[in-house]
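Open the structure in your viewer and keep the selection tool at hand.

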Protein chains: 2
Amino acid sequence: MLIKDASILVDGGLLRDVNIAIEGSRIMGIGPEIRDESGDGEVIGGSGKLAIPGLVNAHTHLAMTLFRGYADDMELLPWLEEKIWPLEAKLTAEDIHWGTKLGCLEMIRAGITCYNDMYYIMDEAARATKDMGLRAFLSAVLFDMRPDLIEDAEPFIRRWKGDDLIVPAVGPHAVYTCSEETLYKAMDLAEEHATMLHIHLSETRSEVESFKKNCGNSPVGYLDSLGFLSDRVVAAHCTWLSPKDVSIIGTRGVNVAHCSISNHKLASGIAPLDQLARAGANICLGTDGASSNNSLNLFQEMKTTAIVQKCAHSRPDLFGAREVWRMATDNAYAAFGLDLGLRVGALADLALIDLKKPWFFPLAEENIVSHLVYSIQGGVDTTIVAGKVLMRDGVIPGEEAILDRAQKQFEDLVSR
Amino acid sequence: MLIKDASILVDGGLLRDVNIAIEGSRIMGIGPEIRDESGDGEVIGGSGKLAIPGLVNAHTHLAMTLFRGYADDMELLPWLEEKIWPLEAKLTAEDIHWGTKLGCLEMIRAGITCYNDMYYIMDEAARATKDMGLRAFLSAVLFDMRPDLIEDAEPFIRRWKGDDLIVPAVGPHAVYTCSEETLYKAMDLAEEHATMLHIHLSETRSEVESFKKNCGNSPVGYLDSLGFLSDRVVAAHCTWLSPKDVSIIGTRGVNVAHCSISNHKLASGIAPLDQLARAGANICLGTDGASSNNSLNLFQEMKTTAIVQKCAHSRPDLFGAREVWRMATDNAYAAFGLDLGLRVGALADLALIDLKKPWFFPLAEENIVSHLVYSIQGGVDTTIVAGKVLMRDGVIPGEEAILDRAQKQFEDLVSR
């Protein structure tokens, strides 16, 4: 496959008229004179378009896309107790399947090629994701209250280890829902199978305060005392941290999945990103679930992250466009060990963005990353994962049928 | 013209299969059985689409769309002194023309049918806006440093008074750039010609503090002592207010153009919206200019406003979707005296949104406003102002030529 005459980002600037040759799941050539040697004859016109390496959604619960708009503007506890948990208690594999596919559609439309998820019935999430062609790190969530989930964690890993798109991981939910024993088990599993560890960490003030009161340590300090924290960990949120917590997270090289929109919509708070970055944490961006965002769009996440951090520090010069762009790309590639980027040998996970939209004008060498972070309002029209075209010129085959089916599934779920 | 089988919002819910008949610039019928009696035979398919009354951008500087991405991530003073003011010193009527048209394209794509602007060379902004077919309240900005602008304020009003799309207004820039004499002159003009008054008010902390130090009064207290504040005023920003300021703004029924994204990106601060609303202020939403936003999209503005206010108050139940939706619609219609809404006799300023997008699923009677505020990522495909179709099925005639011409104009401006 050859993408012809696209523009690409080079050192944050714009290089025009570049061809990208893809063979199998990898980029085999990139440059102005590159030709297609795959022999499949497929050509995608890239003229007037920008090719970007795929964005990575570092924290979400994709099946919850089925709950989008079901409950908004509520206090956290009534939201969970009256709305979310009763629905979750009724979830079936079919709900997971169609919720996941609905979420995949939205991410494909937003140039996201890989996501990191923690939820229930993850074999079904994996099947749905493979059907859609996206790449995913999937953790079956672990809670003490559900010993069956803990028991299935290792079989789940074995079932999916080695898959070309699905990477199984271990997902202990949080320190307030998992015992020491469960956390150790998760660590052992991750060690034995060389997987990521995905956990919610210090999301709300009340959660952190009550943990401290009960355990005499912060969630971060406690996890570190177990030896849990390392660069194998993706810690979602990290909103309420002491200076010591920040220093631990930085020293251990933890990957922080920052969820700015969800943290604001649920009024959880503003994460100390600046301190985390300076301490050495690797900051990535996540949308969280569509029940608390309510979209699955990392461009929105980038803009929100940049502007709320600027305002929180009264420093418009902090969190510039290039820094925030790296969070959704390079930082995430490092976190998940993804061989990704627009270069020879890398995975062919990428998106094309139509630059002929008002929000990309005026366009200059120096402002393209600013436009991607601050002004984009659409235009992703082609998304490719592992060399397979998932959306072309704005068309995702079968999209309408999935939308209709997801709608029926939601109606069935709430009336069940 | 007949819009056939659209859905509309009724009391925040969804009413399906409604026809909307438009004759001239007004809605002449609306309901399931309504037929077209205009005789023009034009039919727009509304099936699977939501018709909304047009959104109103209550504060912007549209020609500055030409500066989008020219300077980001800078402290306010160097940003103004090194970047924005040097460009503004070179502005020609052609810059204003193409910057305005570029901004109009973006707003048409986002369902904005009317905007409120304050800038230079506004006759050209008015001509460009009329070419594009949008409705606008335009103020020629008034500064003491430019007596020529003050002198032209009344002739400008006379030139445009009575126009079908352009409503002239009076725009004293701010209390720190306009003398008492200029402010009185602006009030007299607004009184004599029954126009709106458009002013920047208490945007940054340092501006408010230095005004207080020099004048012994807050900007709000000072304006009120002149008798300036009334429901004829649109005050942009209102970020730094004392409780007394809030009470004055509420009592006078001032229309506040809240610019959440710009205030965050420039790190100006978080406006006390909750207090303002409770005091009786009429809160509308503005994008501010694309040099500080960097987009002109009120859906983004609604989401940002809701989530940052929730977080600032640690109250996820505050600033619900319906309240924020009203800021971009009903509150703005009241502020500008616009006879607008989906009802018989109202101005035919409206947009159609394609509901067959992943971010609108699942769709239920109760969650459509939530989707419009929290999850929309595009889908406005038809925009109509005063009964004239500006965009149909995503196509704006002549768009590409305007984009190319605006690009050339920007390149000319920066190299001038």
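In this predicted model, start with the handedness of a crossing in chain A: H12(A) passes H14(A) in a left-handed crossing. To display the pair, select residues 321-328 of chain A for helix H12 and residues 368-375 of chain A for helix H14. Their axes come within 9 Å and cross at roughly 70°. Angles of 65 to 115 degrees count as roughly perpendicular, so H12(A) is roughly perpendicular to H14(A).

Next, show the side chains at this contact. On H12(A), pick A:Ala321, A:Arg322, A:Val324 and A:Trp325. On H14(A), the contact residues are A:Val369, A:Ser370, A:Leu372, A:Val373 and A:Tyr374. Coloured by class, the contact of H12(A) with H14(A) shows seven nonpolar residues, one polar and one charged.

Now move to chain B. Select residues 93-109 for helix H2 and residues 122-132 for helix H3. The two helices of chain B pack at an angle of about 35°, and their axes are 8 Å apart. Here H2(B) passes H3(B) in a right-handed crossing.

H2(B) contributes B:Ala93, B:Ile96, B:His97, B:Thr100, B:Lys101 and B:Cys104. From H3(B) come B:Glu124, B:Ala125, B:Ala128, B:Thr129, B:Asp131 and B:Met132. By class, the contact of H2(B) with H3(B) has six nonpolar, three polar and three charged residues.

Last, switch to colouring by confidence. Chain A has a mean pLDDT of 97, with 100% of its residues at 70 or more. For the model, ipTM is 0.98 and pTM is 0.98.

Notes:
Residues are numbered from 1 along each chain as its sequence is written. Chains are lettered from A and ligands numbered from 1 in the order in which they are written. This is a predicted model: local features need pLDDT of at least 70, side-chain atom pairs count only at pLDDT 80 or more; totals for chains, interfaces and linings use all residues. Axes are lines fitted to C-alpha atoms, for helices over the stretch in contact, and angles run from 0 to 180 degrees between N-to-C directions. Helices (H or I, at least four residues) and strands (E, at least two) are DSSP runs, numbered from the N terminus. Angles under 35 degrees count as roughly parallel, over 145 as roughly antiparallel, 65 to 115 as roughly perpendicular and the rest as oblique. A crossing is left-handed if the near helix is turned anticlockwise from the far one by less than a right angle, and right-handed if clockwise. Two residues are in contact if their C-beta atoms, placed from the backbone, lie within 7 Å. Ala, Val, Leu, Ile, Met, Phe, Trp, Tyr, Cys and Pro count as nonpolar, Asp, Glu, Lys and Arg as charged, and the others, Gly among them, as polar. pLDDT is the predictor's confidence in each residue, from 0 to 100.
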